[in-house]
Amino acid sequence: MNIISVLLNIIYIAAPLLVVTMGALVSEYAGRMAMFLEYLINMGAFFCYAFMLLSHNVVFACFASVLLCAAIVFVLERIASRFNANMFLISLAMNLLFASFTTFFSVQIFKTRGVLYSEYFLFNAPKTRIITSIFCYFIAIVEILVLKYTRPGLIMRITGSDSQVLSSQGISADKYRCISWIVASASGAFAGCVLALRLSGYVPGMSGGRGWTALAAVFLGKKRPLVVALSVIVFAFCEFASTHLQNIQLFTNIPSAILLALPYLVSLILIAFVPQEK
């Protein structure tokens with residue numbers, strides 16, 4: 001495998017992770033880290049598969065999946081906010097709820113909790129990787145530009161740290177916190193759609209830890225978009241390495257479970273040793 005092929009594979013791997021990481025970054029700016037992203041990615045992938053079989057239109061399937069996931073998060077966020085619930089715990093609890101949703105609908109619609117595949121959900125793998133990567137990077141760039149150069153983006157960036165300033169200007173910080181979760185959920189759902197399209201099917205747990213990795217990238221990047229994006233590239237490289245090191249003779253004696261855990265080991269090491277701002 002030459003260097004160009006390696007770089008392209010890393011770019012492809014990083015694309016869906018970058019989208020969900022930018023969504024996590026928006027929620028962190030608002031002071032509400034989206035801890036629900038891991039299982040929301042799975043739910044987005046499942047709904048994409050289900051809507052595709054219903055409509056036979058991939059654009060509709062992705063759009064409907066993103067819209068439905070964002071609507072679910074919006075309703076749950078409004079209910080939790082109305083009753084002054086602990087939003088950190090609510091965010092964690094959403095993971096359990098989304099996992100249950102996915103299992104319930106899978107059993108009700110497809111009569112199985114396992115892998116889902118269909119002749120109506122088959123895509124050309126190389127072409128799909130290219131197209132989905134273009135959309136992922138486009139969405140991520142738009143999110144960064146909005147955060148950096150627009151008034152709503154500026155408001156979002158200070159919602160978590162200086163909500164009193166917004167209140168003094170008559171701006172509702174609660175509104176922007178809600179929007180941040182909608183953006184995070186839409187980003188996560190789209191990442192799930194990308195994973196499903198690339199795999200040409202749905203597999204339970206197909207997020208593969210990307211929701212947690214996105215949170216780690218935001219944490220390591222110290223909420224700086226370019227540094228966060230660089231962290232995503234590092235994690236994508238680790239994921240690529242964990243898959244291909246098993247084919248190198250030097251690493252054949254290392255248990256495959258350790259190699260597959262490489263992205264998580266690297267994130268743990270970086271979090272432990274990279275200096276953090278107070």
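**Figure 1. R32 counts as buried in this predicted model, at 10% relative accessibility.** Buried stands for under 20% relative accessible area, exposed for over 50% and partly exposed for the range in between, computed with a 1.4 Å probe on protein chains only. R32 forms a salt bridge with D174, with 3.8 Å between the closest N and O atoms. The pair joins distant parts of the chain, since R32 sits in the loop between helix 1 (3-29) and helix 2 (37-55) and D174 in helix 8 (residues 173-199), 142 residues apart. Helices (H or I, at least four residues) and strands (E, at least two) are DSSP runs, numbered from the N terminus. D174 is partly exposed, its relative accessible area being 25%. Residue numbers start from 1 along each chain as its sequence is written, and side-chain values use heavy atoms, with hydrogens and water left out. As the model is predicted, local features need pLDDT of at least 70 and side-chain atom pairs count only at pLDDT 80 or more, while totals for chains, interfaces and linings use all residues.

**Figure 2. R32, E77, R78 and D174 are linked in a network of salt bridges.** A salt bridge requires a side-chain nitrogen of Lys or Arg within 4 Å of a carboxyl oxygen of Asp or Glu. Side chains of opposite charge can pair when their charged atoms come close. In the view, E77 pairs with R78, the closest N and O atoms lying 2.7 Å apart. R78 also meets D174 through its side chain, at 2.9 Å from N to O. This second pair again spans distant parts of the chain, with R78 in helix 3 (residues 58-82) and D174 in helix 8, 96 residues apart. E77 has 0% relative accessibility and therefore counts as buried, whereas R78, at 30%, counts as partly exposed. A search of the whole structure finds five salt bridges.

**Figure 3. Helix 2 packs against helix 8 at an angle of about 55 degrees, with 7 Å between the axes.** The axes are lines fitted to C-alpha atoms, for helices over the stretch in contact, and the angles run from 0 to 180 degrees between N-to-C directions. The two helices are therefore oblique to each other; angles under 35 degrees count as roughly parallel, over 145 as roughly antiparallel, 65 to 115 as roughly perpendicular, and the rest as oblique. Helix 2 and helix 8 cross in a right-handed sense, meaning that the near helix is turned clockwise from the far one by less than a right angle, with anticlockwise giving left-handed. On the helix 2 side, the residues in contact are L37, L40, I41, G44, A45 and C48. Their partners in helix 8 include A184, S185, G188, A189 and G192. Contact stands for heavy atoms within 4.5 Å. By class, this contact holds twelve nonpolar, four polar and no charged residues. Nonpolar covers Ala, Val, Leu, Ile, Met, Phe, Trp, Tyr, Cys and Pro, charged covers Asp, Glu, Lys and Arg, and polar covers the others, Gly among them.

**Figure 4. Helix 3 and helix 8 pack at an angle of about 145 degrees, their axes being 8 Å apart.** The crossing of helix 3 and helix 8 is right-handed. Residues of helix 3 that meet helix 8 include V58, C62, V66, F74, E77 and R78. The contact of helix 3 with helix 8 has 15 nonpolar, three polar and three charged residues.

**Figure 5. V66 lies in helix 3.** V66 is buried, with 18% relative accessible area. Apart from neighbours within four places in sequence, V66 touches A186, A189 and F190. V66 and F47 are separated by 19 residues in sequence and by 8.5 Å in space, C-alpha to C-alpha.

**Figure 6. K111 has a positive phi, near 60 degrees, in a residue other than glycine.** K111 belongs to the loop between helix 4 (87-110) and helix 5 (125-149). K111 is exposed, at a relative accessible area of 66%.

**Figure 7. S200, not a glycine, has a positive phi of about 55 degrees.** S200 is part of the loop between helix 8 and helix 9 (210-220). The relative accessible area of S200 is 13%, so S200 is buried.
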